[in-house]
There are 4 protein chains.
Amino acid sequence: MRLVQCACHQISANGFMALSPADMGYSSRPVPASAGPVDRAILEDLAAASRILADQGVVDAFGHVSMRHPARPDRFLMSRSLAPALVSADDIMEFDLDCEACEARGRSGFLERFIHGEIYKQRADVNSVVHSHSPSVIPFGLTGVPMRAMYHNAAFLAGGAPIFNIHDKFGATDMLVGNHQKGAELARILGQNPIALMRAHGSVATGPSLSIAVFRAVYTEVNARLQLQTHALAGGGLIAALDQEEGVKADAVNITSASRAWDLWKRRVGM
Amino acid sequence: MRLVQCACHQISANGFMALSPADMGYSSRPVPASAGPVDRAILEDLAAASRILADQGVVDAFGHVSMRHPARPDRFLMSRSLAPALVSADDIMEFDLDCEACEARGRSGFLERFIHGEIYKQRADVNSVVHSHSPSVIPFGLTGVPMRAMYHNAAFLAGGAPIFNIHDKFGATDMLVGNHQKGAELARILGQNPIALMRAHGSVATGPSLSIAVFRAVYTEVNARLQLQTHALAGGGLIAALDQEEGVKADAVNITSASRAWDLWKRRVGM
Amino acid sequence: MRLVQCACHQISANGFMALSPADMGYSSRPVPASAGPVDRAILEDLAAASRILADQGVVDAFGHVSMRHPARPDRFLMSRSLAPALVSADDIMEFDLDCEACEARGRSGFLERFIHGEIYKQRADVNSVVHSHSPSVIPFGLTGVPMRAMYHNAAFLAGGAPIFNIHDKFGATDMLVGNHQKGAELARILGQNPIALMRAHGSVATGPSLSIAVFRAVYTEVNARLQLQTHALAGGGLIAALDQEEGVKADAVNITSASRAWDLWKRRVGM
Amino acid sequence: MRLVQCACHQISANGFMALSPADMGYSSRPVPASAGPVDRAILEDLAAASRILADQGVVDAFGHVSMRHPARPDRFLMSRSLAPALVSADDIMEFDLDCEACEARGRSGFLERFIHGEIYKQRADVNSVVHSHSPSVIPFGLTGVPMRAMYHNAAFLAGGAPIFNIHDKFGATDMLVGNHQKGAELARILGQNPIALMRAHGSVATGPSLSIAVFRAVYTEVNARLQLQTHALAGGGLIAALDQEEGVKADAVNITSASRAWDLWKRRVGM
C-alpha cells in the first residue's frame, strides 16, 4: 500500500473524524510511470496560472488549477497542496488520471485532485481545469437561479451551467470531492459544459487550453457579479442576456482574443 | 488587396468560425496618407488615457480609447490591439475614418475600431471616444432601466443614454462591432448623446476632448454603481436625480473642472 | 475689485455658461488681514486630512476639508483648488468667513469654499468641515430613506441627517454651493446636526476638531454602505439601529477613541 | 486602588460623560502575578494575527485578538490599545481572566478586553478570541435574519450564531463591553457556539487555537458577504446552505486545512 500524503493525515491525528481508505487517498496501485520531463516554460505557465487566479480574486488560500500533460493525455500536472498565490514551477507534480502521483518526493497533492483526474477521464477535449470558491458564483449554486451570459466575454455561459449537489448522491458529507466516486459524479454532471457549479462549495471551469480555462474561471466570477446586480436591477423583469447562438459566435472570438488577457495577467504576477 | 492584421487571423487559423471579408478587416482601398507626425506629448497623453482607464477600473484586458487627429479631422489616433494597461506612445497608430491604418508597420488594430471611425464620421463635435465593458454599466444595457444622473459629476447623463442592441439590425452575431455597418448603426443610435449603452456588451463615451471623454467614461461607471444602489434603496419609490436643466448647467462646470481629475489620474499612471 | 481665481475662469473663457459676479467669486471687499502664521504641524495635519480622505475612499479627485484658524475664530484654513490626494502643507490658504483669501499669492480657492465659511459663521462649536461626494452616501440624499446609525462607530448619525435640496430655494442650478447664499442655506439646513446630506451631490461632515470631522466623514460613508446592505437584508422588516440615547453615549466614547484611527490613517498617508 | 490606563481617561477629562468605577477599569485587586515569559515566536504570531485581521479587512482601526497563555489557562495575552495594523510583539500584554494587567508598564489595555476574559472563564475549550466590527456581519446583528453557512469554508456557522443585544440586560449604553458584567453576559449568549453577533456593534469569533479563531473571523465576514448576495438573489426562495451534519463534517476538515490560509496570510503581513 502506498500513501499520497494529504491534509487528511492531520485529521486522523487530531481525532476529529474517521475517514474511509478511499477518503484518505490511500491506494494499493503501483506508482504510475512518469511521462518524462516537461518543458520548464510550461511548468512556469501553470504556476503563473495559479498566481493569476489569486491576483484576479478567483481563489483565496484555497483552489487549484491543472493541465493535461502535453505529451501524454493520461497524465496531468498540478501543484502540490499549497496556497495558489505561493505556487512556483518547482511545486508542480505529475499525476495519472487516477490521481496517483508519479513522483511524490514527499510532496502532498490536493485532497480534491479527483475533480481534475475524473474530468480528464471523461472529457478528451478538456486540457485544463480550474477549481475555485470564487465568491460571486456561490449564490448561484445555492438558489437555483440559472447562470446566464451577461456579456460577450462570458459567452461560454450562454448555455447555462449545471449544479453538482454532492448531497444528492452522497448524503451529508464534508462537501469535498475527495475520492474517485465524487469526482466521477461531478464530471458526469458537468457533461459537455465548460462550467459546473458546486452547491455550497464553488465551481469548476474547463477549457481546451490552460489560458482558456483561466479566462473562463475569471469571467465566470465577473459574470456572476454582473448577474447579481442585473437580477436586482431587473426586479423580476426580462434580462436581455446572450442567446445561445450569440454565445457560440462570441465564444469563438473569445478563444482567439483571450491571449490579450493572458499576457496582461502574466505580467501582473511577475512574468 | 491590403490586410490590416487583427485578432481575426487567429480565428480562421483555428477554424472556429467563417468570417466575411468585411468582418476580417480586409480592404481593397489604397493605404490612406498620413496627416503627418503628431506631437509626442499628445501621443503620450493618449497612451496615458488608456492606462488611466485601466487604473480607474473602467477597462480590464479589453477596451480602447481614441482621439481625432489634432491636424486633420478625417484621421484618428488609437493604440494597436493591446491590453489598455500596457499601452505606451509607441503603440499609437493613425487611421482614416474608414478605419484603415496609415502606417500599420506590422501592427494590428483593434477589431472594434469601427466604433471610433463611424462616430467621428457622424459627430463633428466629438474629438475622443472610449469603448469599455465597465462592469456596473452592463446591467443597464440588459434591463431597460433608464440610466439617470445620480449626482452632478455625472451631469452628462441627465438626458439619458440610448441602448444599441446589435441583434435588432444584425440578428445573432458575435456581439462585436467589427465592421463599418455595425459601427455606423451604433453611431446612429448614439445620436447627439454623449454616451450609448451596448446590450450585453458595454458602452461608448464621447467628448469634445480626450480628458472629457475619459472623465465621462469614468463617471458613467461610478454613476451606474450609484444608481444600482439607489434603485435598491428606493424600492420603487422616487429618485431625485438631476433634471435636464440641472444636467446642462452642471455639465458645463464639469467641463472646466475635469482637469483636476485628469491631472490626478495622470500622476497615478506615472506621468 | 479683487479676484479670487477659481475654476470659474475657465468657464467664461470657454463660453459654456454665463455666471453672475457672486458665482464667479468676485468681491469688492478689501483683502482681509491674516491672523498670522500657523504652526507648521497644524498645516501638515490639515494636508494629511486631505490625503486621508482620499486614501479612505471618501473623496476622489473632488472634495475638500477645512479647519478653523487656531488663533482666530473668524478665519479658516483650506487647501487651494487641488485634488485632495495631492495636497501638502504649502497648498493651505487662509480665508475669512466670507471666504475671501487673506493672501491668495496667485492660488485659486475651491469654488465651494462657501460651504465651509457659512458653517463656521453659524456654528461656533464647529472647528472643522469636510465636504465630499462619498459614494454610498449619495443614495440617501436621493431617496429620502432616513440615514440611521448601524453601529456604535457611526453613533453621531443616531439623530439622523437632514437633506439639503438646492432646488428647493434656488431652482435649477449647477448643483454647486458656489456663493454665500447657497452656503448659508446649507448651513441653515444642517442646523445643530453633525452631518447634512446634499441631494444629487454629496454631504457635509462637521466636528469639534479636525480629526473628529474626518472620523465622521469616513464613518458616514462606512455606515451608509452598511445601511444599504441592512436595508436590503431586512426587506422592509425592523432594523435595530442605535436609538438616540445609545447614540449620545456611544458618540462620547468615539470622541475619545477616534485618535486611534487618526494615528493609523496619518501613518498610511506617509506621516 | 490600581489603575489600568485606558481610553476612558480622556472621556472624564473632556467631561463628556460620567463613568462608574467599573466602566473606568479601576480595580482594588492586587496586581496579578505573571505566568512568566512567553516564547517570542508566540508573541510574534499573536501580533501577526492582529495585522492579518487588518490585511483581510476584518478590522479597521478598531478590533482586537487575544490568545490564552500557553502555560497557564488563567492568563491571556493581548495587545495594548492600538490600531490592529500597527501591533508588534512588544505591544503584547498579559492579563488575568479578570482583565487585570500583570505588568502594565504604562501601557493601556483595550476598553473591551472584558469580552476576552469572560469568554476564557466560561469556555475552557476556547484558546483564542477575535472581536471585530467586520462590515458585512453588522446587518445580521440588526435584522434577525439568521446567519447560515453558505459554503464549506464557513462550516462553523452551520449551527447559526446567537445575537447579543446589549440593550436587553443593560438598557441604553455606549454599546461597548466595557466591564465584567457585560462581558459575562456576552459569553453567556455565546454559549457553546464558535461565533456570536453583537447588535449594532460587531461580532466575536472563537477557536481552539489562534489560527482557527482568525480563520473563523475571516470566513464569518466572507460568509456574511455571500449570504447578503444569496439572500438578494433568492428573493425569498430556498437557500441550500450547509445542513448541520454537513457543517460538523466540513468544519473538521477546515480545522486541518486552515494552516494553508494561515501560512499565506502571515506571509502577506511580512512574516
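**Chain contacts, symmetry and fold**

Only 3% of the interface residues of chain B are also interface residues in chain A, so the copies meet through different surfaces. The model is predicted.

The contact between chains B and C draws 31 residues from chain B and 31 residues from chain C. On the side of chain B that touches chain C, two helices each supply at least two residues: α8 (210–234) and α9 (244–268) of chain B. The largest share of that side comes from α9(B), with 13 residues.

The relation between the copies was examined next. In general, two copies of a chain are related by a rotation about an axis and a shift along it.

Within chain A, an open sheet of seven strands was found. Strands of a sheet pair through backbone hydrogen bonds, either parallel or antiparallel. In this sheet the pairing is mixed. The strand order is β5-β4-β3-β6-β9-β8-β7 (chain A). Strands β5 (92–96) and β7 (163–164) of chain A form the edges, and each pairs on one side only. Strand β6 (residues 128–132) of chain A runs antiparallel to strand β9 (residues 202–207) of chain A. Five bridges join β6(A) and β9(A). Ser132(A) has Ser203(A), in β9(A), as its bridge partner.

A helix also packs on the sheet: α7 (residues 180–190) of chain A. Helix α7(A) touches β7, β8 (195–198) and β9 of chain A. The direction of α7(A) makes about 125° with that of β8(A).

Helix α8 (residues 210–234) of chain A was considered separately. This helix has 25 residues. From its first C-alpha to its last, α8(A) reaches 35 Å. That span is close to the 36 Å expected at 1.5 Å a residue. Helix α8(A) is mostly covered, with 23 of its 25 residues buried. Just after α8(A) comes Gly235(A), which takes a positive phi of about 55°.

Key. Residues numbered from 1 in each chain as written. Chains lettered and ligands numbered in written order. Predicted model: local features only at pLDDT ≥ 70, side-chain atom pairs only at ≥ 80, totals over all residues. Pairing = 2+ DSSP bridges. Helix = DSSP H or I, 4+ residues; strand = E, 2+ residues; numbered from the N terminus. Contact = placed C-beta atoms within 7 Å. Axes fitted to C-alpha atoms, helices over the stretch in contact; angles between N-to-C directions. Expected span 1.5 Å × (residues − 1). Buried ≥ 20, exposed ≤ 12 C-beta atoms within 10 Å, placed from the backbone.
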